[in-house]
Amino acid sequence: MTRDWFPIKTTPWTLGLALLLMFLLAETTALPQRADYWLLDSAMVASPAVVSPNVAIVAIDDLSLAQQGRWPWPRRTHAALIRKLHQAGAETIVFDVLFTEPSPDDDVLKRAMQAHGKVILPVHISPPNSRLLLSEQFPARELITAAAGLGHAHVELGHDGIARGLYLFNGMAHQLLPALALAASDVSFRQPESDGLPPFVNVRDDYRVIPLAGGAGTLPTYSYSDVLSIPPVSDVFSGKTVFVGATAAGLGDVLPTSFSGLSRPMSGVEFHANAFSAYQQGLLIKPAPGWAGIALAMMTLVMLAILLPRMRPARTLFACIAAAGAIFGVYVVMLTVFKVWLPVAHALIIPLLAFPTASGLRLAMTNRFLNRQLDELARAPRVTLPELSKRPLTQLLEHFQALFQPQGWLLTEDNNTLSSQNLGLADVPADLEQGRWQNDGNQSWIQLKRGNSHYTLGLMLPNDLSKDAIQRYLRRLRLSGSGMTTETFQPSENISARIERVKVATDRLNHMQEFIRRSFERMPDGIIVTDELGIIRFANGHIEEWFGEPMPSLGGLPLTRLLEGHDPRETPPWHETVSETLTLLQSRTVDLNIRDKDFLIHFAPFALPDSNQHGIIANISDISELREQQRQHREAIDFISHDVRSPLVSQLALIEQLKRDPTHIDQSQLEQLGRLAKRSYHLAEEFVQLARAEQLTETRFYECEFLAIVENARDSVSEQALEKGISLQLQGTEDLWLRGNAELLERAVINLLTNAVQYSPSGSAVSLQVFRAGHQACLTIADEGSGIDPDELPHLFDRYRRQKSSELAGIHGTGLGLSFVKTVIEKHRGEIYVVSSPGEGSSFTLKLPIADPMP
């Protein structure tokens with residue numbers, strides 16, 4: 001039963017709504033954000049930032065802790081580091097070390113900071129303890145006055161815990177501190193944009209993604225203790241901004257980054273140094289507004305919803321891939337050229353969802369359409385050819401009786417006779433093979449198994465020339481199955497059931513189309529089918545052969561143009577006949593001549609399906625043979641009325657003369673009467689022989705030896721040749737077996753030899769040469785007679801045609817002898833040639849296919 005309750009169609013509205021619902025569902029998850037993070041990390045790792053030559057790191061590493069002692073160190077130690085860096089020419093010193101608690105050595109550190117003049121200290125924003133509100137943790141008061149600037153040391157972690165950037169400004173509601181990287185670049189405090197906020201509110205502004213130069217240890221780093229222990233090195237720190245901070249395990253903050261994750265995190269001082277390096281080169285990346293990604297996703301959704309329903313299914317995948325590629329290209333350009341991070345995961349989800357969604361809608365629509373079509377096919381009438389192996393044996397016997405009219409039959413089931421006539425159980429051969437016909441004279445037997453029963457079927461065929469053909473036909477019939485049982489596939493899934501039904505319906509349609517196509521192709525007549533405008537839409541092979549037009553050029557060709565191009569006529573014109581058939585809906589039958597062949601074309605209108613218009617079925621019959629038979633019939637009547645009647649009239653006149661005076665019968669009169677009777681007999685004999693030759697079919701062929709046929713023909717003409725002193729010289733010793741009618745072949749050779757003897761002078765020779773050429777048996781008969789005029793050669797084999805020279809020489813023939821020869825040779829699928837010149841004799845050559853062609 002077809003379930004058709006939900007009208008599914010692939011339209012921009014249905015596809016767009018489906019995509020929007022799935023997009024909203026995806027937005028409720030963390031998938032888009034994680035995808036954006038993954039794309040950003042991949043881009044950062046694939047193209048690391050270039051390290052600024054003006055940045056260096058002095059690391060409080062494990063070696064420094066081992067040499068300087070436990071942390072925290074005295075502040076005079078940091079003062080010594082500042083003096084060393086000052087002597088080495090460091091332009092700016094940035095501490096990522098908190099000095100929030102006062103210390104006795106603050107004066108020493110203060111003087112060192114003042115002596116250098118550009119030392120940046122960090123500010124930490126956090127509650128002093130769990131019971132207090134959030135506040136800024138500044139360095140000691142004396143150090144603040146000596147510092148060139150203050151900067152916050154906070155690094156923002158993403159929702160997945162990975163450090164990718166920081167806020168350039170961070171602080172409480174009254175003022176915003178620049179990041180350490182900005183403070184090192186002489187950027188000072190900034191007022192928050194929103195006034196009236198409580199003083200304990202943390203305000204952050206201007207988030208930037210930091211393009212890192214690599215993982216931990218990428219930037220030039222020097223050990224704290226090494227810098228203190230060696231003399232100042234001006235070429236290492238001169239003119240540079242030096243970041244000082246902890247890298248030792250467990251001492252400072254550790255930040256997972258896109259380069260390292262949790263396997264090798266980066267220290268805070270390295271992250272700030274990377275931020276400074278990127279800021280100096282203008283590489284900081286600004287995130288796009290939150291609505292930009294959603295807007296891009298909506299634009300993509302609308303575009304694909306409009307385009308995909310108009311595309312072919314094969315191009316849908318390429319369109320989605322192209323859309324995703326374009327979105328990714330925009331992402332890369334914005335990131336690398338404009339330094340803007342545009343979240344595109346929202347937009348990339350759309351092409352990923354569009355292809356399966358569009359395909360699913362198309363599949364649902366196709367499934368719905370197939371259900372309707374399958375239901376219609378199930379109700380439509382079917383043209384089937386039941387397998388012979390599945391027909392009941394009693395029905396098969398009835399069909400054989402109707403087709404072959406056997407003289408007897410026998411049908412048994414497990415040795416029980418079901419039907420019989422002139423055959424009994426005693427006639428059944430003992431060694432019958434299952435499923436194969438066995439022939440015994442004019443009897444044919446087969447044994448079959450149907451289910452658990454064994455059947456025996458026997459036929460007694462007519463004992464004539466059709467017996468062999470019927471037995472060959474029976475051997476080609478498949479009355480037994482393959483012996484394999486085919487399990488019926490019962491699919492459990494709905495789509496599998498549809499596919500199986502479509503397969504069955506397609507096989508049924510293909511079978512019907514093949515049945516119709518073969519039926520039309522094997523019809524004896526040519527068939528043309530046109531549409532309502534007389535344009536050819538179908539033609540079978542006879543049309544292609546008779547008109548000499550290739551099949552592709554026939555389709556779409558107007559029928560009138562085809563007919564006018566091969567048989568132009570004025571009365572009535574073809575367009576008038578075709579148009580009247582369509583407009584008046586009346587059949588027409590018209591003569592047609594193509595390439596000197598006669599045809600009869602019958603135009604019949606027929607109603608086109610799903611239309612109130614009519615097309616034309618044109619049936620073209622080849623009546624050339626019928627017209628030729630009519631011509632021959634007229635010639636035969638003329639022949640009988642003149643050639644046969646003339647000697648009979650002469651005989652009757654002579655007989656009447658003898659009756660008037662029976663006492664005076666002269667010998668010459670009797671001889672003349674005998675000649676006239678003999679001539680009448682020869683005329684009738686040749687006429688009968690020609691009729692026999694024209695009715696010859698291959699069913700009357702049998703194995704015969706060609707050399708023996710020629711020898712018999714020579715012997716039949718030897719007496720006639722002996723009377724004129726003509727020698728018949730036969731050359732050939734090889735037996736050449738043919739499949740044909742030896743009697744008619746012998747008569748054809750006799751006719752050629754008789755002509756050769758008649759037209760040869762006395763004392764001459766006629767040669768007969770029998771030989772094999774490839775897979776053909778050949779005979780050449782050459783005489784030394786008067787030859788044939790070149791003008792008469794083209795018409796030599798025409799019936800009732802006599803040579804002018806022969807008639808003038810007094811040799812009277814019927815004009816049927818050579819026509820008989822040609823007819824016999826053509827019936828045997830052979831060829832005949834003649835070579836002749838006046839005064840030099842003639843040579844006739846026959847070529848016939850042999851029964852055992854050369855390998």
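User: Which residues form the aromatic cluster in this predicted model?

Analyst: The cluster is made of Phe-400, Phe-404, Trp-437 and Tyr-473. Rings count as paired if their centres lie within 6.5 Å. Across the whole structure, the search finds 13 aromatic pairs.

User: Why is the pair of Tyr-222 and Phe-237 called edge-to-face?

Analyst: The ring centres of Tyr-222 and Phe-237 are 5.2 Å apart, and the limit for a pair is 6.5 Å. Their planes stand at 65 degrees, and edge-to-face requires over 60.

User: What parts does the pair of Tyr-222 and Phe-237 tie together?

Analyst: Tyr-222 belongs to strand E10 (residues 221-223) and Phe-237 to helix H9 (residues 234-237), so the pair links parts 15 residues apart in sequence.

User: Is Tyr-222 buried or partly exposed, and how do you know?

Analyst: The relative accessibility of Tyr-222 is 28%. Buried needs under 20% and exposed over 50%, so Tyr-222 is partly exposed. Phe-237, at 5%, is under the 20% limit and therefore buried.

User: How do you know whether Glu-270 is buried or exposed?

Analyst: Glu-270 has a relative accessibility of 8%; the limit for buried is under 20%, so Glu-270 counts as buried. Glu-270 sits in helix H10 (residues 268-280). Leaving aside neighbours within four places in sequence, Glu-270 is in contact with Ile-57, Ala-216, Gly-217, Thr-218 and Leu-219.

User: What makes the approach of Glu-270 to Ser-267 a polar contact?

Analyst: The two side chains are joined at 3.0 Å, and a polar contact is a pair of N or O atoms within 3.5 Å, one able to donate a hydrogen and the other to accept it. The distance is within the limit, so the pair qualifies on that count.

User: Why is Thr-257 called buried?

Analyst: Its relative accessible area is 2%, and buried means under 20%, so Thr-257 is buried. Thr-257 lies in strand E12 (residues 254-257). Residues up to four places away in sequence aside, Thr-257 touches Ile-162, Ala-163, Leu-212 and Met-266.

User: What about Ser-621, is this residue buried or exposed?

Analyst: Ser-621, in strand E25, has 18% relative accessibility. The limit is under 20%, so Ser-621 still counts as buried. The side chain of Ser-621 makes a polar contact of 3.3 Å with that of Asn-619; the limit there is 3.5 Å. Beyond four places in sequence, Ser-621 touches Asp-525, Asp-598, Phe-599 and Leu-600. Ser-621 and Ile-527 are 94 residues apart in sequence, with 9.1 Å between their C-alpha atoms.

User: How do you know that the buried residues of helix H20 lie on the same side?

Analyst: In H20 (residues 574-583), the buried residues are Trp-574, Thr-577, Val-578, Thr-581 and Leu-582. They span an arc of only 130 degrees around the axis, which places them on the same side of H20. An α-helix has 3.6 residues a turn, so residues three or four places apart point the same way. The buried residues of H20 pack against helix H19 (559-566) and strands E23 (588-594), E24 (597-607) and E25 (614-622). Just after H20, Leu-585 has a positive phi of about 55 degrees.

User: What makes helix H5 a helix with its buried residues on the same side?

Analyst: Asp-106, Val-108, Leu-109, Ala-112, Met-113 and His-116 are the buried residues of H5 (residues 106-116). Their arc is only 165 degrees around the axis, which puts them on the same side of H5. Arg-111 and Ala-115, on the other side, are exposed. The buried residues pack against helix H4 (75-88), strand E2 (92-95), strand E3 (119-125) and helix H6 (141-146).

User: Which residues have the most contacts inside the largest nonpolar core?

Analyst: The core has 43 residues, and those with the most contacts inside it are Phe-706, Leu-738, Leu-753, Leu-779, Ile-781 and Phe-844. Elements giving two or more residues include helix H23 (706-723), helix H24 (742-759) and strand E30 (776-782). H24 gives the largest share, 10 residues. Among the residues that Ile-781 touches are Val-749, Leu-752, Leu-753 and Phe-844.

How values were computed: Residues are numbered from 1 along each chain as its sequence is written. This is a predicted model: local features need pLDDT of at least 70, side-chain atom pairs count only at pLDDT 80 or more; totals for chains, interfaces and linings use all residues. Side-chain values use heavy atoms; hydrogens and water are left out. Helices (H or I, at least four residues) and strands (E, at least two) are DSSP runs, numbered from the N terminus. Buried means under 20% relative accessible area, exposed over 50%, partly exposed in between (1.4 Å probe, protein chains only). Contact means heavy atoms within 4.5 Å. The arc is that of the directions from the helix axis to the C-beta atoms. A nonpolar core is a set of buried Ala, Val, Leu, Ile, Met, Phe, Trp, Tyr and Cys residues joined through side-chain atoms within 4.5 Å. Rings of Phe, Tyr and Trp (its six-membered ring) pair if their centres lie within 6.5 Å; planes under 30 degrees apart count as stacked, over 60 as edge-to-face and the rest as tilted.
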